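Here's a quick tour of a protein model, from the overall fold down to a single side chain. Have a look at it first, then read on.

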Amino acid sequence: MKQLILMRHGHAAPARPGQSDFDRPLSPGGEREVAIVAERLAGLGWQPERIIASAAPRAQATAAILASYLGRPPLLLDQELYLAGSDVLRHALLRYGGDSRTIALIGHNPGMTQLVRELAQVGLDDLPTAGVDYHVPFGGRKGSSYGPREQGAYAKEFYTTVKTAYTLA
């Protein structure tokens, strides 16, 4: 795997009475923010070979919108990625990444923020909804575990949110 696109799901609608957090969909604003960021990524020519996402509806919808802008790569949904920590997210990259050169991973905080911190060695407080962090490995090895010992192998190349997508467009 040579490139990682790490994305937090778009803004979720508030839970309805009796609705679980897992089942919350994207809000209309969340759909718009994901489309704005996806359009920006498409304009940069990003083409993941697959998208891995949490099975939560808001992450599934984020993945579907992203895929619609980025050439419709296959979507892989994993129940374990709901509110997963960075260790589970790294394991998913290994399990599903295969020989893909570019892969997108869509998940939830706090795990996504922690993964960005670990890979890019940055003091990011919070990966916002529809926030994207893009990594290009330097000296990464095939089969890397993306664990703490690998922290120096990645350099943060690009970070975008709705605000910066508007600014850069």
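## Fold, burial and one aspartate

The protein chain has five helices and six strands, where helices (H or I, at least four residues) and strands (E, at least two) are DSSP runs numbered from the N terminus. Walk along the sequence and you get β-α-β-α-β-α-β-α-β-β-α. Keep in mind that this is a predicted model: local features need pLDDT of at least 70, side-chain atom pairs count only at pLDDT 80 or more, and totals for chains, interfaces and linings use all residues. Residues are numbered from 1 along each chain as its sequence is written, and side-chain values use heavy atoms, with hydrogens and water left out.

Buried means under 20% relative accessible area (1.4 Å probe, protein chains only), contact means heavy atoms within 4.5 Å, and accessible areas come from the Shrake-Rupley method with a 1.4 Å probe.

| Property of the protein chain | Value |
|---|---|
| Buried residues | 52% of the 169 residues |
| Contacts joining residues at least 24 apart, among those at least 6 apart in sequence | 72% |
| Accessible surface | about 7,700 Å², 52% of it from carbon and sulfur atoms |

Now for helix α4, residues 111-120: eight of its 10 residues are buried, so the rest of the structure largely encloses it. Among them are Met112, Leu115, Val116 and Glu118. Just after α4, glutamine 121 has a positive phi of about 55°.

Over in strand β3 (residues 75-78) sits aspartate 78. Aspartate 78 is buried, at 5% relative accessible area. Leaving out residues up to four places away in sequence, aspartate 78 touches Ala53, Ser54, Ala55, Arg95 and Tyr96.

How values were computed. Buried < 20%, exposed > 50% of the residue type's maximum accessible area, 1.4 Å probe, protein only.
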